[in-house]
Amino acid sequence: MEIRKAKLRGVESFGMLCSARELGLSEDASGLMELPSELVTGTPLAEALSLDDTLLEINLTRTAGTA
């Protein structure tokens, strides 16, 4: 999901309140995800939550006649 400027009920909105589930970080949808108060506005979420991991995705296939 990309959060960007939108107009809601005639008013411009520059952000969004999300649960951890909506952000794909957890299955917890019980309420809004609270971020540390010392974060600087505009800090990328991945940086703010130390989510800058490298993801390595490997697809293995088996060809006919091999075990």
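Author: What follows is a set of questions about the terms applied to this model, each answered by setting a value against its cut-off.

Reader: How do you know how far to trust the coordinates, and where is confidence lowest and highest?

Author: This is a predicted model, and the protein averages a pLDDT of 83, with 96% of the residues scoring at least 70. Confidence is lowest in strand β1, residues 6–8, where the mean is 83, and highest in β2, where it is 88.

Reader: How much of the protein counts as buried?

Author: Of its 67 residues, 6% count as buried, and the accessible surface comes to about 6500 Å², of which 52% belongs to carbon and sulfur atoms.

Reader: Why is Ser19 called buried?

Author: A residue is buried when its relative accessible area is under 20%, and Ser19, at 6%, therefore counts as buried. Ser19 lies in the loop between β2 and α1, and, residues up to four places away in sequence not being counted, Ser19 touches Asp28, Ala29, Gly31, Leu32 and Met33.

Reader: What makes Ser13 buried?

Author: The relative accessible area of Ser13 is 18%, so the residue is buried by the cut-off of under 20%. Ser13 is placed in strand β2, and, its neighbours within four places in sequence left aside, Ser13 is in contact with Arg4, Lys5, Ala6 and Leu8.

Reader: How do you know that Glu12 and Lys5 form a salt bridge?

Author: The cut-off is a side-chain nitrogen of Lys or Arg within 4 Å of a carboxyl oxygen of Asp or Glu, and the side chains of Glu12 and Lys5 meet at 3.8 Å, N to O. Side chains of opposite charge can pair when their charged atoms come close. Glu12 has 44% relative accessibility and so counts as partly exposed, while Lys5, at 52%, is exposed because the cut-off for that word is over 50%.

Reader: How many salt bridges does this rule give, and which residues does Arg21 or its partner bring into the account?

Author: The count comes to two salt bridges, and one of them joins the side chains of Arg21 and Glu27 at 3.9 Å, N to O. Arg21 has a relative accessible area of 49% and is therefore partly exposed, whereas Glu27, at 66%, is exposed. Glu27 is found in the loop between β2 and α1, and its C-alpha atom is 17 Å from that of Leu51, the two residues being 24 apart in sequence.

Reader: Why is Ala64 called exposed?

Author: With a relative accessible area of 83%, Ala64 is exposed, since the word applies over 50%. Ala64 is found in the segment after α1, and its C-alpha atom is separated by 40 Å from that of Leu51, 13 residues apart along the chain.

Reader: What makes the phi of Arg9 and of Ser50 worth a remark?

Author: Most residues other than glycine have a negative phi. Arg9, which is not a glycine, has a positive phi near 55°, and Ser50, also not a glycine, has a positive phi of about 50°. Arg9 is placed in the loop between β1 and β2 and, at 86% relative accessibility, counts as exposed. Ser50 lies in the segment after α1 and counts as exposed at 59%.

Technical notes. Residues are numbered from 1 along each chain as its sequence is written. This is a predicted model: local features need pLDDT of at least 70, side-chain atom pairs count only at pLDDT 80 or more; totals for chains, interfaces and linings use all residues. Side-chain values use heavy atoms; hydrogens and water are left out. Buried means under 20% relative accessible area, exposed over 50%, partly exposed in between (1.4 Å probe, protein chains only). pLDDT is the predictor's confidence in each residue, from 0 to 100. Helices (H or I, at least four residues) and strands (E, at least two) are DSSP runs, numbered from the N terminus. Contact means heavy atoms within 4.5 Å. Accessible areas come from the Shrake-Rupley method with a 1.4 Å probe; for residues, only the protein chains shown count as cover.
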